[in-house]
Amino acid sequence: MELKDKIEKHLLEVQKPSRYIGGEVGSVIKDKSKVDVRFAFCFPDTYDIGMSHLGMKILYSLTNERENYWCERCFAPSEDFEAIMRENDIPLYALESLDPIKDFDFIGFTLQYELSYANILNMLDLAGLPVFAADRGDELTNIVVAGGPCVCNPEPLADFFDIFILGEGEEVNLELMDLYWEMKQQGATKTEFLRKACHIEGIYVPRFYSFVYKEDGTIERLVVSDGAPEVVRKRIIKDFDSVYYPDNFVVPFTEIVHDRVSVEVLRGCIRGCRFCQAGFIYRPFREKHTDTICKETKCLCENTGYDEVSLASLSTSDHSEIDPMLTQLIEYTAAERINLSLPSLRVDNFSESLLEKIKKVRKSGLTFAAEGGTQRLRDVINKNVSEEEIMNTCTIAFKGGYSAVKLYFMMGLPTETDEDIVGIADLANRIIDLFYSIEDRPKGRGVQISISCATFVPKPFTPFQFEPQDTREMIEHKQKLLLDSVKTKKIKVSYHDPNVSQLEVILAKGDRRLCKAIYAAWKKGCKFDSWEEYFHFDKWVEAFEECGIDTSFYANRRFEYDEILPWDHLDYLVSKEFFIRENKTAHNAVTTPNCRLRCSGCGVNKKVGRDCFC
Amino acid sequence: MLRVRATFKKTGRAKYISHLDLNRCMLRTFRRSGLPIWYTEGFNPHPYYAFALALSLGFESECEILDFNITDDNMSMEEIRDRLNAVMPEGMGIIKVEIQVQKITAIAKAEYSFSLMTDSPEKLMEDVKKLIGSEEILIEKKTKKGIKTVDIKPDMEIISCEQTDCSVDIVMRLPAGTQTNYNPTLFVEALKNSGAQPFEAEKFVRRAILCADDTIFK
């Protein structure tokens, strides 16, 4: 029986079957007899989540522009379909051809969040591939690669992958595929290919690197073999305005998380919030011109038929042409009855005219990431937002008819005290007082403040990479303190499970010794760890214990400035000296101005060889 | 304004698009086509279109009905058809576009074909005949008000019932429309409950949407 028939035989037994059969508008079908290199772009989570990922859309279209390369999509099946696949010997397949991905030249995963790591092992296993790279043989095929933000510390996954791709993929992915096709024709082995590939900038081949550890568990030194470079530098697109952007997306039948056109307006961030990994690993700051953004918006809306478009960036309001850009965009979207949504707006440059524009396009609530409850703490984390600015913005918003405000905070930030936690409730209370002090506030309904509190996870390539995470007991104490400090029903508080954040920090800051623990956890049935109903912390704890791993070594220990970190041989352009300097400044509760105001010397401009703003 | 009725097919992979998803899919198809479709004029204007009948997930059809309005009176039916077909997903396509004749309420029944796959078609054929010949075919049907027992026998018309070397193929008509809707899976359910030979029902196809007098709905 053909695989397609096997799939179809059981498809009506599962939830949302259209996720497993392809055929969506915009999906690219090629004649496989005319294709030289096949790439399975795998997202280690379900279709609904993976299909929302912008990076996949970009690299999918980009690869498929090349006639002899075929990039297909692949997602983790939900539990019900996975059971059917395993029972009926249906290997993991790609959605365009419905061919098993074990027949593909490249099997590429995107590492978007640490809690998806177990899914990667599960998907390789479902594909019928050995999960450990060392067990996959030396034939030049099935190159298992990964890209995405978590690749900035890929060590916990090093044993499972052949290649990690650092930085932006638009150029390097094709260079890698070109080399593969060239060497494939020459009859090269996988090892021969990897030895050449590691000299492409941005390509990290973990098997050529090994670590020697000290008695206390920290790294003594890194050993490099096979002539691989000592340091691997991430790739960036220098001319961002003219970088490839898809003119079409695959339009799903079933509803996905971000079911709309996304147009990327800028990359990088000028802000330098000290907890934010994205703010550093995507540097330098680059933006697209208004005309490019409008052209891409129009083209994508017309080709996909979406009636909603969202501007993607880390901080849309930091675009230097934000006002004219929105004016021009709204002119188009209003005429075509398209909804425009603007996530990632900052409190401090939220102007009245901007609010007027947003009001035209959406009526939902306002969300502000204040992150810290007191000014002192906000200075520590370099969230350059003052209470005055928050109040000003809320005043504008309330006068403009809004009555619901959502505030994001983090708990367990460096130097945080009980005072900072109580400060969260105090800030919310002052916003309530502000609401009732405004004469022309929205009448007929009360004010609603939602406080959402995440647990701080220190991440590599941030000034806080050295910081320990609060222990569970400390977090639970702070959560209780916050709940006790909120005395009105006008404030709603929600917070995260501290166990989830603990696993995140272990995987984020871990080293190569974690590979076996991830394997053990997966063997115990861990997968979909980012889904509350599937998260089994007890199994992870067991796995770490069995592998002799002290989790507090990664989670609750301060990493020394002079310590060799598991990611020190990876170069994300921002220097370690800068992170150390910023860490010290943070502990003095001193802020660093944003990159537009003053260059703080992170080192990116020197390495890229030009000024960030010109 | 042209009030038009499109007959479309939903076959192959498209049979896995649920009715809810089909709504969204059609909205995007209209937008891609750039056709001057009429928008409602309420507080929240949206393109007006309506499906005559919902098609069960997994069923194929070449006779589905979609009503909508075109604001350009001079547009030809062929142009509407072609512009939609140019942007339709795989497995879906507009067969024809015509001016609406009857009201949706004129729909009374629909014709379905399906196959009962089995190792012993002869025995299954006997079971099928026995069920068809029985006085009543009671089945528990889920409705908005809970589960209710209905007798589908009086409203069921068997058009054909044929035996092949691996299946029993049935064509039947069942009530459809704004009043009563019976799904052929109800019959399959009843057959299973009657203790018939083991079988697997597949290849469900809606073949026609009909009025009370058995003419094709227009």
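The following questions and answers cover chain A and chain B of a predicted model.

Residues are numbered from 1 along each chain as its sequence is written, and chains are lettered from A and ligands numbered from 1 in the order in which they are written. In this predicted model, local features need pLDDT of at least 70 and side-chain atom pairs count only at pLDDT 80 or more, while totals for chains, interfaces and linings use all residues.

Trainee: How many helices and strands does chain A have?
Mentor: Helices (H or I, at least four residues) and strands (E, at least two) are DSSP runs, numbered from the N terminus. On that basis, chain A has 21 helices and 19 strands.

Trainee: Why does chain A count as compact as a globular protein of its length?
Mentor: The radius of gyration is taken over C-alpha atoms, and the globule rule is 2.2 Å times the number of residues to the power 0.38. For 614 residues the rule gives 25 Å, and chain A is close to that, so it is as compact as a globular protein of that length, with a radius of gyration of 24 Å.

Trainee: What share of chain B is buried?
Mentor: A residue is buried if 20 or more other C-beta atoms, placed from the backbone, lie within 10 Å of its own. Among the 218 residues of chain B, the buried share is 32%.

Trainee: In what pattern do the elements of chain B follow along the sequence?
Mentor: Chain B holds four helices and ten strands. Read along the sequence, their pattern is β-α-β-β-α-β-β-α-β-β-β-β-α-β.

Trainee: What does the C-alpha trace of chain B span along its principal axes?
Mentor: The span is given along the principal axes of the trace. For chain B it is about 60 × 35 × 30 Å.

How values were computed:
A residue is buried if 20 or more other C-beta atoms lie within 10 Å of its own, exposed if 12 or fewer, and partly exposed in between; C-beta atoms are placed from the backbone.
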